[in-house]
Amino acid sequence: MATTVSFSVDSPRGPRTVSVAYERTGSGEPLLLLHGIGHHRQAWDPVLPLLASERDVTVVDLPGFGVSPALPDGVPYDLESVVPVLGALCAELGLDRPHVAGNSLGGLLALELGREKLVRSVTALSPAGFWTRSERLYAFGTLRAMRQGALALPMPLIERLSRSAAGRAALTSTIYARPGRRAPEAVVSETVALRAATGFRETLALGRNVSFTGDVPGLPVTIAWGSRDRLLLRRQGIRAKHTIPGARLVRLPGCGHVPMSDDPALVARVILDTSR
């Protein structure tokens, strides 16, 4: 069950109140988990028990996604606003420079948190921001198509498709290499989350000019890429390694863009190794 916390952040129009839904479990050093665009905190469910055995894990719905409310007026969905929001969230929850792991958009946010020295280690799973223009156009077009498909399908059809491996593949094979492993209820839930994501359009619009440049010095950084990532192609991992020379680049065999479901044990090991 998620808890919602509200806190104040500065904006060009003055202080604004932001609310974020989160779950916290486990014990040990703090670890913050960030999902990708259009997804929700439940993306991390397959690895959560493995991580919670060694870490005090906080998993969040980013603002405008999952059950977290949209950002208030005057707070845009850009890196310059969302990274301070996450920093303020950590302060509100008493997370003193947590380790952070993020996937896709969450991976980009994790790297930015590392660059701002707000965290003690970074694990970025297929992070956004290392694309060429054509790769970005392809990824954004694919995401828009996924969103339009989710909006167009009536709920009874989504539920019916989720009951078969072929149906789950039709709904989620763009982001999972092994969509048949997803539970029917998980597929329905994440399709609904994609439909309802109030932050989707603005996040995508403001991402047009986003790229990650510069190093993340002084922190352990791991960049991991699924060998079967169909959204952000794995050659982007090579660019990420060139951009952050001190990072460890890890291949995730047989994994798609959201690898936590495809190989939970491997993903958990990569995150824990980095945070050690």
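This is a predicted model: local features need pLDDT of at least 70, side-chain atom pairs count only at pLDDT 80 or more; totals for chains, interfaces and linings use all residues.
Strands β1 and β2 (residues 16-26) run antiparallel to each other, paired over seven bridges. Here a strand is a DSSP run of E with at least two residues, a helix is a run of H or I with at least four, and both are numbered from the N terminus. Two strands count as paired if DSSP finds at least two bridges between them.

Residues are numbered from 1 along each chain as its sequence is written, and side-chain values use heavy atoms, with hydrogens and water left out.

**The sheet and its helices**

Zoom out, and you get an open sheet of eight strands with mixed pairing, in the order β1-β2-β4-β3-β5-β6-β7-β8. β1 (3-9) and β8 (248-252) stand at the edges with a single partner strand each, so one side of each has no neighbour in the sheet. On average, neighbouring strands are turned by 25° against each other, direction ignored.

Contact means heavy atoms within 4.5 Å; axes are lines fitted to C-alpha atoms (for helices, over the stretch in contact), and angles run from 0 to 180 degrees between N-to-C directions.

| Helix | Strands touched | Angle of directions |
|---|---|---|
| α2 (residues 79-93) | β1, β2, β3 (29-34), β4 (55-61) | about 115° with β1 |
| α11 (residues 264-275) | β3, β4, β5 (99-103), β6 (121-125), β7 (221-226), β8 | about 155° with β6 |

**The largest pocket**

On a 1 Å grid over the protein atoms alone, a pocket is an open set of points where a 1.4 Å probe fits, with protein on both sides within 12 Å along at least five of seven lines; lining residues have an atom within 4 Å of a point. The largest pocket has a volume of about 370 Å³. Its lining takes in 22 residues, with Met146, Leu171, Thr172, Ile175 and Leu194 nearest the centre. Helices α4 (133-152), α6 (165-172) and α7 (184-196) each supply at least two of the lining residues, and α4 gives the largest share, four residues.

**Arg144**

Arg144 also sits in helix α4. Leaving aside neighbours within four places in sequence, Arg144 is in contact with Phe200 and Leu204. Its C-alpha atom is separated by 21 Å from that of Ala186, 42 residues apart along the chain.

How values were computed:
Grid points are joined across faces, edges and corners, and a volume is the space filled by probe spheres set on the points.
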